[in-house]
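Please look at the sequence and the three-dimensional structure shown here before reading on.

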Amino acid sequence: MLGQALGCNAIAGIEEGVLALCEDGTRIDQTGCQGSSEGSGGAGGEGGDPSCRSCPGDCPLPWQWKSPTTGSCYLHHGDSVDWSNAREQCVELGADLAALSSAEEFWFVASVVTGDVWIGGTDREVEGTFAWSNGEPWGYTAWKEEKPGDQGNKQDCVMLSAAPGTAASFDDRPCGEKRGFLCEMKLPP
């Protein structure tokens, strides 16, 4: 179920955001380390339990999760930076800030990310008209309030708020605030 998906780190009992590698350099998956003294089972989400739909699978290191609906890979950076720097760092990785353009993608990401993170939504070009930084069409929304607040044309960048014990939502914030961020990389077909 999308609402119950866990990252491989959580399944393996390793703190999220920590790169989990076996002694031989392969990724730890939900069954441990294949061919090493650390456990048995498939590495990198391949050959292991197919119920681990959020394991990286084909995603290269250091990407943490793969969406079962979009096939995109996601990476949560804990560095606190402003929205523009967050986007620059994602672009340097051959990606962009995450564009959560469907309910399925939103709920998948909300199930694996904790806290407040920058995503790719912005209305910097036209106030009140949001767009995804990667060019995907804006359609699905999950605003914290019925609609974004903006507070005097100062809140132009979108964060995903996914604090434990609360309903996940979008919130528009000043772009200069510093927080972690979520990159999304599309895999070639």
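W63 is placed in the loop between α1 (8–11) and β1 (65–66), where helices (H or I, at least four residues) and strands (E, at least two) are DSSP runs, numbered from the N terminus. This is a predicted model, in which local features need pLDDT of at least 70 and side-chain atom pairs count only at pLDDT 80 or more, while totals for chains, interfaces and linings use all residues. Residues are numbered from 1 along each chain as its sequence is written, and side-chain values use heavy atoms, with hydrogens and water left out.

Is W63 buried or exposed? With a relative accessible area of 5%, W63 is buried, a word that here means under 20% relative accessible area, whereas exposed means over 50% and partly exposed lies in between (1.4 Å probe, protein chains only). Although W63 and E184 are 121 residues apart in sequence, their C-alpha atoms are 9.0 Å apart in space.

P62 is also found in the loop between α1 and β1, and the peptide bond that joins L61 and P62 is cis, with an omega of about 10°. For background, most peptide bonds are trans.

D58 is found in this loop between α1 and β1 as well, and D58 counts as exposed because its relative accessibility is 51%. The side chains of D58 and K66 are joined by a polar contact of 2.7 Å, which is a pair of N or O atoms within 3.5 Å; within protein, one must be able to donate a hydrogen and the other to accept it, and residues adjacent in sequence count only if both atoms are side-chain atoms. D58 and C73 are 15 residues apart in sequence, and from C-alpha to C-alpha they are 8.6 Å apart in space.

## The disulfides

How many disulfides does a search of the whole structure find? The search finds three disulfides, each defined as a pair of cysteine sulfur atoms within 2.5 Å. In general terms, a disulfide is a covalent bond between the sulfur atoms of two cysteines. The table lists the pairs.

| Disulfide | S to S distance |
|---|---|
| C59 and C73 | 1.8 Å |
| C90 and C183 | 2.0 Å |
| C157 and C175 | 1.9 Å |

The link of C90 and C183 is left-handed, with -85° about the S-S bond. Because C90 lies in helix α2 (residues 83–92) and C183 in strand β8 (residues 179–185), this pair ties together parts that are 93 residues apart in sequence. C90 counts as buried at 0% relative accessibility, and C183 is buried with a relative accessible area of 0%.

The torsion about the S-S bond of C157 and C175 is about 95°, so this disulfide is right-handed. Since C157 lies in strand β6 and C175 in the loop between β7 and β8, the pair ties together parts that are 18 residues apart in sequence. Both C157 and C175 are buried.

Strand β6 (residues 157–162) and β7 run antiparallel and are joined by five bridges, where two strands pair if DSSP finds at least two bridges between them. In β7, S169 is the bridge partner of S161. The two strands β6 and β7 form a hairpin with six residues between them, and G165 in the turn has a positive phi of about 80°. For comparison, most residues other than glycine have a negative phi. Strand β7 (residues 169–173) is mostly covered, with four of its five residues buried.

## The whole protein

The secondary structure of the protein comes to three helices and eight strands, and along the sequence they follow the pattern α-β-β-α-β-α-β-β-β-β-β. Of the 189 residues in the protein, 46% are buried. Among the contacts (heavy atoms within 4.5 Å) with a separation of 6 or more, 59% are between residues 24 or more positions apart. The accessible surface comes to about 9200 Å², of which 50% belongs to carbon and sulfur atoms; such areas come from the Shrake-Rupley method with a 1.4 Å probe, and for residues only the protein chains shown count as cover.
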